[in-house]
Amino acid sequence: MQVTMTVNGSEVTREIEPRLLLVHFLRDVLELTGTHWGCDTSNCGACVVLMDGEPVKSCTVLAAMAGGHAVRTVEDMERDGELDPVQQGFMEEHGLQCGFCTPGMIMTARALLDANPNPSDDEIREAISGQICRCTGYTNIVKAIRWAAGQQKAAVAEDLERELEIHGDR
Ligand code: FES
Ligand code: FES
């Protein structure tokens, strides 16, 4: 069968087997190996990508089901050479060790901050509760997401300040 979807802003059409999972479509067909495949039983969350802005475990979605939808993977997080604040947060707060869970954590965090720019620690923990990290113990992951939230808030305040200066309101 043929499937067409948008992946990281570009429309792609491929001939696939109906049983192909989205995680394998991304990794093996499109060679976007940033999305990890950890368990295949919907437990680990390493495979999380965004579908129409919502985090989904791509090992539980058929590629055919993603037809007509917009998929975003970790490869799309860096824009014009600049890392997403969530990626920066993981660097700043050392939110990873082996990095296997990191792409999924980053995508979930991105969706969280898009929906709730100022989450509490409990809300962060709840958002990543479907994802397993075998290394860091979660504390630094929560710190990394909190760092990203603070960074975004500061960037918005800076933009506002600049706007006010441009319009001579100050
Ligand atoms: S590979 Fe999808 S949840 Fe583990
Ligand atoms: S950093 Fe190793 S699994 Fe999370």
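Reader: Why is aspartate 52 called partly exposed?

Author: This is a predicted model, and the values are computed from it. The relative accessibility of aspartate 52 is 46%. Buried means under 20% and exposed means over 50%. The 46% of aspartate 52 falls in between, so aspartate 52 counts as partly exposed.

Reader: Where is aspartate 52 found, and what is its phi?

Author: Aspartate 52 is in the loop between β3 (48–51) and β4 (54–57). Its phi is near 50 degrees, which is a positive value in a residue other than glycine.

Reader: What makes tyrosine 138 partly exposed?

Author: Its relative accessible area is 25%. Tyrosine 138 sits in the loop between α4 (121–127) and α5 (139–166). Its phi is positive, about 75 degrees, although tyrosine 138 is not a glycine.

Reader: How do you know that strands β1 and β2 pair?

Author: Two strands pair if there are at least two bridges between them. β1 (residues 2–7) and β2 (residues 10–15) are joined by 6 bridges, so they pair. The two strands run antiparallel. For one of the partners, take threonine 6, which is bridged to glutamate 11 in β2. The strands form a hairpin with 2 residues between them, and asparagine 8 in the turn has a positive phi of about 50 degrees.

Reader: How do you know that the span of α5 agrees with its number of residues?

Author: α5 has 28 residues, and at 1.5 Å a residue these should span 40 Å. The C-alpha atoms at its ends are 41 Å apart, so the two values agree. After α5 comes glycine 168, with a positive phi near 65 degrees.

Reader: Which residues of α5 are buried, and what do they pack against?

Author: The buried residues are Ile141, Val142, Ala144, Ile145, Ala148, Ala149 and Gln152. The buried residues of α5 pack against α2, α3 and α4.

Reader: Which residues touch the most other members of the largest nonpolar core?

Author: That core has 23 residues, and those touching the most other members are Val86, Phe90, Met105, Ile106, Met107, Ile141 and Ile145. Two or more residues each come from β3, α2 (85–92), α3 (102–115) and α5. α3 gives the most, with 7 residues. Another core lies apart from this one; it has 17 residues, including Phe25, Leu32, Val56 and Val61.

Reader: What makes glutamate 93 partly exposed?

Author: Glutamate 93 has a relative accessibility of 26%. Glutamate 93 is in the loop between α2 and α3. Its C-alpha atom is separated by 5.1 Å from that of alanine 144, although the two residues are 51 residues apart along the chain. Not counting residues up to four places away in sequence, glutamate 93 touches Asn140, Lys143, Ala144 and Trp147.

Reader: Which residues line the largest pocket, and which element gives the most to that lining?

Author: The lining consists of Met77, Arg79, Glu82, Leu83, Asp84, Pro85, Gln88, Gln151, Gln152 and Ala155. The elements giving two or more residues to the lining are α2 and α5. α5 gives the most, with 3 residues. The space in the largest pocket is about 160 Å³.

How values were computed: Residues are numbered from 1 along each chain as its sequence is written. Chains are lettered from A and ligands numbered from 1 in the order in which they are written. This is a predicted model: local features need pLDDT of at least 70, side-chain atom pairs count only at pLDDT 80 or more; totals for chains, interfaces and linings use all residues. Side-chain values use heavy atoms; hydrogens and water are left out. Helices (H or I, at least four residues) and strands (E, at least two) are DSSP runs, numbered from the N terminus. Buried means under 20% relative accessible area, exposed over 50%, partly exposed in between (1.4 Å probe, protein chains only). A nonpolar core is a set of buried Ala, Val, Leu, Ile, Met, Phe, Trp, Tyr and Cys residues joined through side-chain atoms within 4.5 Å. Contact means heavy atoms within 4.5 Å. The expected span of a helix is 1.5 Å times one less than its number of residues. On a 1 Å grid over the protein atoms alone, a cavity is a set of points where a 1.4 Å probe fits but cannot get out, and a pocket is an open set with protein on both sides within 12 Å along at least five of seven lines; lining residues have an atom within 4 Å of a point. Grid points are joined across faces, edges and corners, and a volume is the space filled by probe spheres set on the points.
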